[in-house]
Amino acid sequence: MGLVDDARTVAAEFDYSVEDVNKGVKTFIRQMDEGLQETGKSMSQIPTYVTAVPNGTEKGVYLAVDLGGTNFRVCSIKLNGDTTFSLTQSKVAIPHELMVAKTSKELFSFLAKQIESFLKIHHNDHFEKYHQQRKNGEKITDEHFLQLGFTFSFPVHQISINKGHLIRWTKGFDIADAIGKDVCSLLQTEIDALHLPVKVAALVNDTVGTLMARSYTSPGKTGTLLGAIFGTGTNGAYVEKLEKVTKLKNMKEGGDFDASTGNMIVNTEWGSFDNEMSVLPNTPYDTALDKDSNNPGIQMFEKRVSGMFLGEVLRRAILSMIQDGKTELFKDESSGTNDVHSICTIANDSPLYKQWGIDTSFLSIAHEDQSAGHHITRQALNRDLGVDAASSEDAQAIKILVEGIGKRSARLSAVAIGAVIISTGNLSVTAGNGLDDKVKAVSEEEVVDIGVDGSLVEYYPGFEEYIREALREIEGIGEQGEKRIRIGIAKDGSGVGAALIALVAGGREGGS
């Protein structure tokens, strides 16, 4: 067997069949339902206390802040009421000493001061008017305040739309006295200390923000069903019927929310789908990756789907071929067997030998490469992985591996999307299996709108096409159902999405 055939044999380990997809969907729906009924299940199914999505007609000015890592972003979003918006923002680095401050007050005071500086520059009229009214002793009401959405990308236990207790810090932050405290209250206290006309109206998860941003900007009258991230990580948030979120009744700390819509946006945390590995595909490369990760046995769906892990799966598959004495990957008996008339060598310090050594961008390059002799992939092998004088056959073998890994990721992504669509009943007209359906034109009222964000779905070649191929294979969707699914990019869930959640939290009344 030649090298290309060897690569096809390894790539076949990543095949995810029609039967596998449908088993995955059924199990995904079951785990969704379990998470709606009880806490502590594989899929967390976290109620967000956001009970409505925008329709694009909303107007007003809202603030959003995003503490997601080493930077703090402050945004002002003007909603124009016609599905468009304008955005002004500033970004500042968090000083390291504040990331490990002795008290949470030091950090949150710094954040409030950044909001104050932003208001003075971009909303000075509002700022000065408010302070004049306070000075004159005028009655201050909610309409004098700008509503703010707070994207806080650390683990929190959210108990209402604007209240959530910090579970733990990540990303280099370590401020012990903040653990267990309500992060919205910590920020509001420091905002109030500066007498700013700002109310922290909502605590925001960026995936929920993606759903809101898409629903505001999407064409047509159909509200968005699902916001999904397929990037460094993966997650989804969707609109669920309130009556199905039965665990709300048993949640001791559950906060108030507007039940009149009959809906609740649920944050699935679907990266942990099937941690028990009952239906997820598995290879020796997946097993080794998980064993050497910092959270073995956790986020098993994410480890097969998201960009953070695909490069590492590829690296381990390549290494297995290099170390297998029977395959000829990156091995030349003589320069005469290599079409560049040289001997392929791998640098001793090659990223191939280092955990997380391959970035997912390499997979995109190889997957898309249509150049003669796979010249572009060979350049990338040299530049990024320290593989010198790779042959065209070497590069073709790598491309075959990449296609297998990328396609599996997309087909698994379709399992999550398809399960949400079927579970929520949004394809009310039963579809067949997609083989004999007569495809009809789709009216706007029949559209199921999905908002997506992330590097995989935006930049990975053919990712959406692979998703759609799998959706057509799902029982209950089929070819006609897939035509009804509109997938659109939704940018900036932590900015415009957070502002829209502040709007919903404030009762859909515009800021000034």
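1. Which residue in strand 4 is the bridge partner of Asn71? The partner is Ala93. Keep this pair in view; the strands around it come up again in the points below.

2. A word on confidence. The model is predicted. The protein chain has an average pLDDT of 90. A score of at least 70 is reached by 94% of the residues. Among the elements, helix 15 (residues 463-472) has the highest mean pLDDT, 98. Helix 5 (residues 124-135) has the lowest, 84.

3. Two stretches call for care. Residues 429-437 have a pLDDT below 50. In the model, this stretch still has 18 contacts beyond near neighbours in sequence. Residues 508-512 also fall below 50. Their stretch has 17 such contacts. Where pLDDT is low, predicted coordinates should not be read in detail.

4. As background, strands of a sheet pair through backbone hydrogen bonds, either parallel or antiparallel.

5. Look at strands 3 and 4 together. Strand 3 (residues 71-80) pairs with strand 4 in the antiparallel sense, over 9 bridges. Leu79 stands opposite Phe85 in strand 4. The two strands form a hairpin, with 4 residues between them. Gly81 lies in the turn and has a positive phi of about 85 degrees.

6. Is Gln133 buried or exposed? Gln133 counts as buried because its relative accessible area is 11%, and the cut-off for buried is under 20%. Leave aside the neighbours within four places in sequence, and Gln133 is in contact with Glu138, Ile140 and His144. Bear in mind that helix 5 has the lowest mean pLDDT among the elements.

How values were computed. Residues numbered from 1 in each chain as written. Predicted model: local features only at pLDDT ≥ 70, side-chain atom pairs only at ≥ 80, totals over all residues. Heavy atoms only, no water. pLDDT = per-residue confidence, 0-100. Contact = heavy atoms within 4.5 Å. Pairing = 2+ DSSP bridges. Buried < 20%, exposed > 50% of the residue type's maximum accessible area, 1.4 Å probe, protein only.
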